[in-house]
Amino acid sequence: MGKGKSKAKRAAAHQFHSLVTYYPISNGNNLIGEFGWDGKAYHMDQWAAGVNQWAELVNGKYHAPYGDTDEMEAWTGDRTMWAAYTGKLGFQIDAWWTYLNLFDTPDYRNRGMEWVPYTTPASATGYTFGVLDFGGISSATAHPREAYELLKWMGWGTEGWQAKLDAYQDVETYADLPLYRQAIPCPITMDEAIWTEFQQSFYPTAQTRTYQSVFDPVNGEDLVTADEDTKYGKYFDDFFANCKNPIPFGDCQIPGFANFLDTSYRAVGDTLGVEDQVRIEGKNANDFAAELEQKAADANQAALAAAKEAYEMIGITLNY
């Protein structure tokens, strides 16, 4: 998510969760999902290249120590320390809303880091993207159609987003903990007016302002100062210009994805997960690629077959 400028003795990379499965999107060719998913099939050769490079970087000490390890205790004196709180990071990969609810707060600023956002780097054939999360509708709802329409309206409708922006800017009702400090995502809509109000209300910009930033009732000052516009505005402008090609999480777009992870990729019993086998045991990710690609394809086909059978029970035929 962001990059920190630190004067600490050690600056390292860290992430909230592993994004190595997204490597093929940034480095492949027209790949739109985790593990090199192209809409119909996986391309695990791209995944393998990413995992091997990731393990090399972690083991080469370019990555901050993981929590609850001897290395973390030796580095910070606190075995349970979270790397992003040390003040010693070069960059952190994280969810977008952590900028306002963590990294832009005085507590984190006082750790000695200045945070600005960057999109994921991409090769000439890959592309720069943002990660799209999901909204859901409960199967127990008595009003599924209405729930669907509300989800659309709040998700990518301009009226819905305007309603959310109004709520995020309400610092009187939520004075003790403003909504924007809790969890504020980026808009899904491509409406320029929504994006302008969104950025200028909560983040620095180098552009001429048409909106003043909101007031921060907790710290008693404007959320964004003129000095922050000058120092950080260009970085935020560039980020927002390049984050509008969202990629859904694998389990949100690929049938069978979660089952594949649980049965073939993550740790099973005493066997380490595939990434840990590469990073800790020194194995080569390329040796797993063919088998994983087949298992992932099998899980996908099984999920599609199960869905088709379930829908046929209620008189609906899925045409695939």
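**Core, buried glutamine and salt bridges**

The structure holds 16 salt bridges (a side-chain nitrogen of Lys or Arg within 4 Å of a carboxyl oxygen of Asp or Glu). This is a predicted model, in which local features need pLDDT of at least 70 and side-chain atom pairs count only at pLDDT 80 or more, while totals for chains, interfaces and linings use all residues. Residues are numbered from 1 along each chain as its sequence is written, and side-chain values use heavy atoms, with hydrogens and water left out.

Reader: Which residues touch the most other members of the largest nonpolar core?

Author: Happy to start there. A nonpolar core is a set of buried Ala, Val, Leu, Ile, Met, Phe, Trp, Tyr and Cys residues joined through side-chain atoms within 4.5 Å. Helices (H or I, at least four residues) and strands (E, at least two) are DSSP runs, numbered from the N terminus; among those supplying at least two residues each are α8 (192-202) and α9 (226-242). Of the 35 residues in this core, the ones with the most contacts to other members are F198, F202, Y203 and F240.

Reader: Is Q200 buried or exposed?

Author: Buried means under 20% relative accessible area, exposed over 50%, and partly exposed in between (1.4 Å probe, protein chains only). Q200 lies in helix α8. Its relative accessible area is 5%, so Q200 is buried.

Reader: How far from the side chain of Q200 is the backbone nitrogen of Y211?

Author: Contact means heavy atoms within 4.5 Å, and beyond its neighbours within four places in sequence Q200 has such contacts with residues including T205, T210 and Y211. A polar atom of the Q200 side chain is 2.7 Å from the backbone nitrogen of T210. For the backbone nitrogen of Y211, the distance is 2.9 Å.

Reader: How accessible is E73, which forms a salt bridge with R79?

Author: The closest N and O atoms of E73 and R79 are 3.4 Å apart. R79 is partly exposed, at 29% relative accessible area. E73 also counts as partly exposed, and its relative accessibility is 39%.

Conventions. A polar contact is a pair of N or O atoms within 3.5 Å; within protein, one must be able to donate a hydrogen and the other to accept it, and residues adjacent in sequence count only if both atoms are side-chain atoms.
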